[in-house]
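This briefing concerns the predicted model shown below. It is arranged by topic for a reader who has the sequence and the coordinates at hand.

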Amino acid sequence: MATDTHADPINEEKLSELVETSLVDLGATVHAALAVIGDELGLYAALDDAGPLTSVELADETDTAERYVREWLRSQAAGGYVTYDPETDRYYLTPEQAHILANEESPVFMPGAFQLVGSVAKIGPQLKEAFQTGEGIGWHEHDDDVFHGTERFFGPSYGAFLLDWIAALDGIDSRLKAGGKIVDVGCGHGAPTIRMAEAYPNSTVVGIDYHEDSIAVARERAETAGVADRVTFEVATAREYSGTDYDLVTMFNCYHDMGDPVGVAAHVRETIGEDGSWMIVEPYADDRVENNLTPFGRLGYSISTLACTPNSLSQDVGYGLGAQAGEDQTQDVVTEGGFTRFRRAAETPTSLVFEAKP
């Protein structure tokens, strides 16, 4: 076997740093599964409500086995998700930890994200084959927890920021308050759809998704929220949904998933009303790859590899825009579809909000 005598020598310091990074990632991987357990069993909620608690007290509060709870608490404390008091042998959540782990209305509530990433990885065997064949994997082929985790992860942030985003659009807020027409394309379980129906009672809202099971859940959510009289949900694709003269077309973190984003843009152009707006919410990304090589960029590219890009490749055209497409690429496909005006209307550390107009 030939050896490369010109290979660069190992830099021991850099090697040590990479090993440390790998250990952090390994810990994060197993921690994600334990975060889901803590969420599902109410361990975080009990610590928030009744803490500080010993492992025995937390087990009693949650009707769980103390030996498992004890090990779980120590892992959470080691990861900084729970705070430990060695003098009392008790554990508790700081206000910041509670905001992330126990408050489901918080815009940074994370257990839904752990539920999402833990479930999306179940597609691994199919994804390995897709890497070799180039075929796609549809969104509907994922585990149910992917859909529920997506709702729980994105829903609170939509609740916190959505109305500010709409207010940043050109004249749309006043039109919706007076009574307008909204279509939310790729609505999933309908979290933003329902939020808009609540905020604009004089407007009619339609939620569109090709995934029948998600539409069924969205209809249940609308009944529970008491807005079923002014929001409807329909099974349709982004290139074929019905209706015209919409004042507002919305797409939340789904445009990059679509197989034919240019064709979708053309259909939106046909269905949008005079001086209406198309609001496209996408994950935060820079136009240059090197500027996305960050913790959030890694999350975005990784989720895109597991779910977004395979979904796009499973559809007609298979454009494969990707979850870190950035502003320039998004503008290119939107304008190719017939829109003449495009701008960044708002942003958060994790989202870019674009407004396109005919």
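H2 passes H3 in a right-handed crossing. The two helices, H2 at residues 43-50 and H3 at residues 55-62, have axes that come within 10 Å and cross at roughly 110 degrees. With 65 to 115 degrees counted as roughly perpendicular, H2 and H3 are therefore roughly perpendicular to each other.

**The contact of H2 with H3**

- From H2, the residues that meet H3 are Leu-43, Ala-46, Leu-47 and Ala-50. Their partners in H3 are Leu-58, Glu-61 and Thr-62.
- By class, the residues of this contact comprise five nonpolar, one polar and one charged.
- Pro-52 belongs to the loop between H2 and H3. The peptide bond that joins Gly-51 and Pro-52 is cis, with omega about 0 degrees.

**The nonpolar cores**

- The largest nonpolar core contains 29 residues. Tyr-241, Val-249, Met-251, Tyr-255 and Trp-278 have the most contacts inside this core.
- Two or more residues of this core come from each of the strands E3 (181-185), E4 (204-209), E6 (246-252), E7 (272-283) and E9 (351-357), and likewise from the helices H12 (261-271) and H14.
- H12 provides the largest share of this core, four residues.
- Another core, of 27 residues, lies apart from the largest one. Among its members are Ile-166, Leu-169, Val-281 and Val-353.

**Helix H12 and Trp-278**

- In H12 the buried residues are Pro-261, Val-262, Val-264, Ala-265, His-267, Val-268 and Thr-271. These buried residues pack against E6, E7 and H14.
- Leaving aside residues up to four places away in sequence, Trp-278 touches Val-249, Met-251, Tyr-255, Ala-265, Val-268, Ile-272, Val-334, Phe-339, Phe-354, Glu-355 and Ala-356.

**Thr-330 in helix H14**

- Thr-330 is part of helix H14, which covers residues 326-336.
- The relative accessibility of Thr-330 is 1%, so Thr-330 counts as buried, the cut-off being under 20%.
- Not counting residues up to four places away in sequence, Thr-330 is in contact with Tyr-255, Ala-325, Phe-342 and Phe-354.

- Most residues other than glycine have a negative phi, and most peptide bonds are trans.
- Asn-253, a residue other than glycine, has a positive phi near 50 degrees. Asn-253 lies in the loop between E6 and H12, and at 14% relative accessibility Asn-253 counts as buried.
- Val-317 also has a positive phi, near 75 degrees, and is a residue other than glycine. Val-317 is located in the loop between helix H13 (295-313) and H14. With a relative accessibility of 59%, Val-317 counts as exposed, the cut-off being over 50%.

**Glu-240**

- Glu-240 lies in the loop between strand E5 (231-235) and E6. Its relative accessibility is 58%, so Glu-240 counts as exposed.
- Glu-240 and Glu-347 are 107 residues apart along the chain, and a distance of 29 Å separates their C-alpha atoms.

Notes. Residues are numbered from 1 along each chain as its sequence is written. This is a predicted model: local features need pLDDT of at least 70, side-chain atom pairs count only at pLDDT 80 or more; totals for chains, interfaces and linings use all residues. Side-chain values use heavy atoms; hydrogens and water are left out. Axes are lines fitted to C-alpha atoms, for helices over the stretch in contact, and angles run from 0 to 180 degrees between N-to-C directions. Angles under 35 degrees count as roughly parallel, over 145 as roughly antiparallel, 65 to 115 as roughly perpendicular and the rest as oblique. A crossing is left-handed if the near helix is turned anticlockwise from the far one by less than a right angle, and right-handed if clockwise. Contact means heavy atoms within 4.5 Å. Ala, Val, Leu, Ile, Met, Phe, Trp, Tyr, Cys and Pro count as nonpolar, Asp, Glu, Lys and Arg as charged, and the others, Gly among them, as polar. Buried means under 20% relative accessible area, exposed over 50%, partly exposed in between (1.4 Å probe, protein chains only). A nonpolar core is a set of buried Ala, Val, Leu, Ile, Met, Phe, Trp, Tyr and Cys residues joined through side-chain atoms within 4.5 Å.
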